[in-house]
Amino acid sequence: MDRVSSTMKQVSNPLPKVLSRRAGGGGLEAERESFERAQTVSINKAINAQEVAVKEKHARTCILGTHHEKGAQTFWSVVNRLPLSGNAVLCWKFCHVFHKLLRDGHSNVLKDSVRYKNELSDMSRMWGHLSEGYGQLCSIYLKLLRTKMEFHIKNPRFPGNLQMSDRQLDEAGENDVNNFFQLTVEMFDYLECELNLFQTDTVWHPGMLLLPDLMLHSFPAVFSSLDMSRSVSVTAAGQCRLAPLIQVILDCSHLYDYTVKLLFKLHSCLPADTLQGHRDRFLEQFRKLKDLFYRSSNLQYFKRLIQIPQLPENPPNFLRASALSEHISPVVVIPAEASSPDSEPITDLVEMDAASQSLFDNKFDDIFGSSFSCDPFNFNSQNGMNKDDKDRLIEQLYGEITALKEELENFKAESARGAVQLRGRASELEAELAEQQHLKQQAQDESEFLRAELEELKKQREDTEKAQRSLTEIERRAQANEQRYSKLKEKYSELVQNHADLLRKNAEVTKQITVARQAQGDVEREKKELEDSFQRVSEQAQRKSQEQAEVLETLKRELAASRQELQVLQGTLESSTQAGAEQNTRIASLEQERDRLSQAAEQHRDKMAALQAELQQLRDTLTREQESSRTELEMLQTQLRDKESTERALQQRLAEERLSLLQSTAHQAECMVQDALARMEDPAHISCTGSADCLLSQTLAASECAERLRDAHSKYLLDGAAVGSLLPHLALFAHLVSNTLLQGSATSHVAPVEPADRLLELCKQCGSETVSYLSALQDPGKVASADCSLVTACLGQISAIGEELRPRGLDVKQEELGDLVDKEMAATAAAIEVASARIEEMLSKARAGDTGVQLEVNERILGSCTGLMQAIRVLVLASKDLQREIVDSGRGAASPKEFYAKNSRWTEGLISASKAVGWGATVMVDAADLVVQGKGTFEELMVCSREIAASTAQLVAASKVKADKDSANLCKLQQASRGVNQATASVVASTKAGRSQVEEKDSMDFSSMTLTQIKRQEMDSQVRVLELENQLQKERQKLGELRKKHYELAGVAEGWEEDAAD
């Protein structure tokens, strides 16, 4: 017991855990528990926080689990316990697995997942607020999954993998164009969500070599988040992001195929303008999808997993129905998966798969027996167990413990190896992180350098704009400086002239001063000489007075003479002194004038120097500004030349695009005309017929369009920008010419042989000329010489043949219809009056000439005819009143003739009905006259009365077409019509009664005939009956042919064939 207890103590920990799995009850619960355990293990292994791609074996186990339980309850029960809102990598891998389940899982996966749609939306919004790591990717992927669920809910005919045949696609739209239109819009939305997950809008350069995680700060899509310049598809992180692309490519290939087919179907039912938005959206998605397929096919990761198709170079042309036959559905091929060491399962002590657990349970049952499920160790019956069994049990338990310990050691060793590998991987990741940080630093430096360059470019741009703004100011200032320079130059010339005058005047003044100074020197010399002479004379006088005392008288006389001479000399001296004073005064004034002129010259010289300095400064400033302006002008001229070259390139490209647009439109128009020519040769077209009026209307429209096309072509040759007005006329011209060709061919089928041959030949010639004209428009060298005058000539010849084929009854001009209506109504009234007068005259003759039964019969018949004429007269008057009311209410501001011309078809019907009434009245009167005279038959009278009743009914119908249903005149007309019918019935009744009376009067008497005579008469009667029956059959055939021909002629007159053709 001690060994048993010790043994139980040793196995007390592992046994309850193992035995508890078997203590649940029966086999179904165990199987369910085993299934849930296996699904839990697979889901946890598929959706984990490791940044590696989801393994295919785990995802396949989850898909098989949905088919096993016919739903996704287990999947969601496990997923709801995962922290999807706390780990972006975990949420990303959940989206991948859930996408696989929606595609390949059981059909009930969608039903079980709809209840979690709001939680997915909330999680998408939550992750959308993050810009790092997988945040934005998870937000976009969750939106995609929600869109996929909504699409399949709205369109339950589409399976999760979107694989459908063309018949199933047609059934999905229920052959309703509105359903197809809405289905196309939903497919566009679905495909746009698929493309948004992996779209890329970034242009890479060598300075953007960053890790995928770092790129998520700026670009949310997967391709934008990857460094495509490196082999990221071979790394675990890159494969984790790229793995869902396989599901997206599978969905996109089907959506693209179905979208193309639905668009072709819509273009066959709706106008092209209505579907312009569909075509634009398809072209954008076609470009993105083509780029996605191309970039994906170049990744190393996908080359062994999937074969991606390539879309055509150009998108399908939905405007051409035959392009559907050129469409090739893209097929994605997934090759058979090769087994790899990664596909081997990795087990541990906590997570074991269902097979190993079942094997362990079987071993436990083999050891302890199946009865141990409720009481494993059979403690209730231990007393009956022998010791050998207990020892064997203990040994077996020891063996199990030893095996478990060995397995535990193996797991520990494996865990140690895994830890070493993880540490090595961590070291590698740290080294890679350091490298990426270094690259990040380099990228930041490059970014700073680029930012600095951008700022410098912005400054240069601002400087350029400032220079551009200042150029105008500089030019304005240059003009002002030039004007100022011109004024200064004029002022300088004036100053130079004044300075020269002053210099000349100064020279003259100086010369005058010199002359004056010379004269003053001469006066002073003379004065000095006089003084010297006076002194000598005085000394001589004194010597003479001293020396010659005795010659006093002589001396006195000499003295008197000397005194006189002295007086003269003194007068001369005074005059000289006065002249000297005057000269001094004049010299002083001249000196003052000289000083003043010198000061003025100095002022002018200073002013001139200042002006010269200012002029030199202005010249320097102008030179600098001219140099700056020249530099800026050269820069602006360079920019202008660049802009002009760019503009010329753009204009050339625009001209090429306009020519390409014209060529494509002309090509489509040519295909339309060629299709019409081919349909003319189609045997199925032989049964089509048409009227000449419809041909004339089509020809007239085509001729007018040809004239407008010629004008638009002339404008296009003068100005290439007028291609927008040329293209609509070109398309309309091709359409109208095609209709004219087909209508001409249809008209030739009912025309005589010779006009039909000419008409058919002209239609073919017109088609060939149109094709030649459109071909010339497609050739750039022949666009200017293209002329549609030959087409217009062919249309004119076709119109001439159509005029020949028109029924002659339609030759009445529309302007004459109003007068013709009044004339016919008046003629009808007059015919009725004449018929009434003739009936009265015949009644008077019958009363005068007939007696007995014949008089009674004639009076009854003529009386009923008189009543019919009165009823017809009332009907005609009511028809006139109603017709006048219709014209007054419908013509508006137009005249009655214009109203009749506008409603020519109704007017012609009214004229035909009036003619029929007048003709019927005349014929009935003639028939009544013959009956009264005994020359006619009662049947002829009955037929005439019924015919006139039919004619009046036609008149009522023609008047009732455009009348208001509440009109009082219409009620009167209807009452008059009922009166005509009653009168017609009275005529028929009186005719039948008269015929019976006459037949009773003329009854045969067979009393005197023998048997042989009676037999003879009987045989003659039988022969007569057979003859009459044969004649009756022939007459009925003739009546049918006559009615058929009558309908044909009436149809041509009323334009029924034209209505049918329209």
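Predicted model: local features only at pLDDT ≥ 70, side-chain atom pairs only at ≥ 80, totals over all residues.

Me: Is Cys766 buried or exposed?
Reply: A residue counts as buried when its relative accessible area is under 20%. The relative accessible area of Cys766 is 0%, so Cys766 is buried.

Me: How many disulfides does the count come to?
Reply: A disulfide is a covalent bond between the sulfur atoms of two cysteines, and here a pair is counted when the sulfur atoms are within 2.5 Å. By this rule the count comes to 0 disulfides.

Me: Which cysteine has the sulfur nearest to that of Cys91?
Reply: Cys91 counts as buried, because its relative accessibility is 0%. Cys91 is in no disulfide, and the nearest cysteine sulfur, 4.1 Å away, is that of Cys138.

Me: What is the distance between the axes of helix 6 and helix 15?
Reply: Two packed helices are described by the angle between their axes and the distance between the axes. Helix 6 covers residues 88-104 and helix 15 covers residues 245-267; they pack at an angle of about 35°, and their axes are apart by 10 Å.

Me: Which residues of helix 15 make the contact with helix 6?
Reply: By class, this contact of helix 6 with helix 15 has 2 nonpolar, 3 polar and 3 charged residues. Helix 6 contributes His96, His99, Lys100 and Arg103, while helix 15 contributes Gln247, Val248, Leu250 and Asp251.

Me: How far apart are the end C-alpha atoms of helix 4?
Reply: Helix 4 (residues 56-69) has 14 residues, and at 1.5 Å a residue it should therefore span 20 Å. The model agrees with this expectation, since the end C-alpha atoms of helix 4 are apart by 20 Å.

Me: Which helices do the buried residues of helix 4 pack against?
Reply: The buried residues of helix 4 include Lys57, Ala59, Cys62 and Ile63. The buried residues of helix 4 pack against helix 3 (27-46), helix 5 (73-79), helix 6 and helix 7 (108-113).

Me: How far apart in space are Ile513 and Arg594, C-alpha to C-alpha?
Reply: Ile513 is found in helix 18 (residues 387-547), and it counts as buried because its relative accessibility is 3%. Ile513 touches Leu590, Glu591 and Arg594, not counting residues up to four places away in sequence. Although Ile513 and Arg594 are 81 residues apart in sequence, their C-alpha atoms are apart in space by 9.2 Å.

Technical notes
Residues numbered from 1 in each chain as written. Heavy atoms only, no water. Axes fitted to C-alpha atoms, helices over the stretch in contact; angles between N-to-C directions. Helix = DSSP H or I, 4+ residues; strand = E, 2+ residues; numbered from the N terminus. Contact = heavy atoms within 4.5 Å. Nonpolar A, V, L, I, M, F, W, Y, C, P; charged D, E, K, R; others polar. Expected span 1.5 Å × (residues − 1). Buried < 20%, exposed > 50% of the residue type's maximum accessible area, 1.4 Å probe, protein only.
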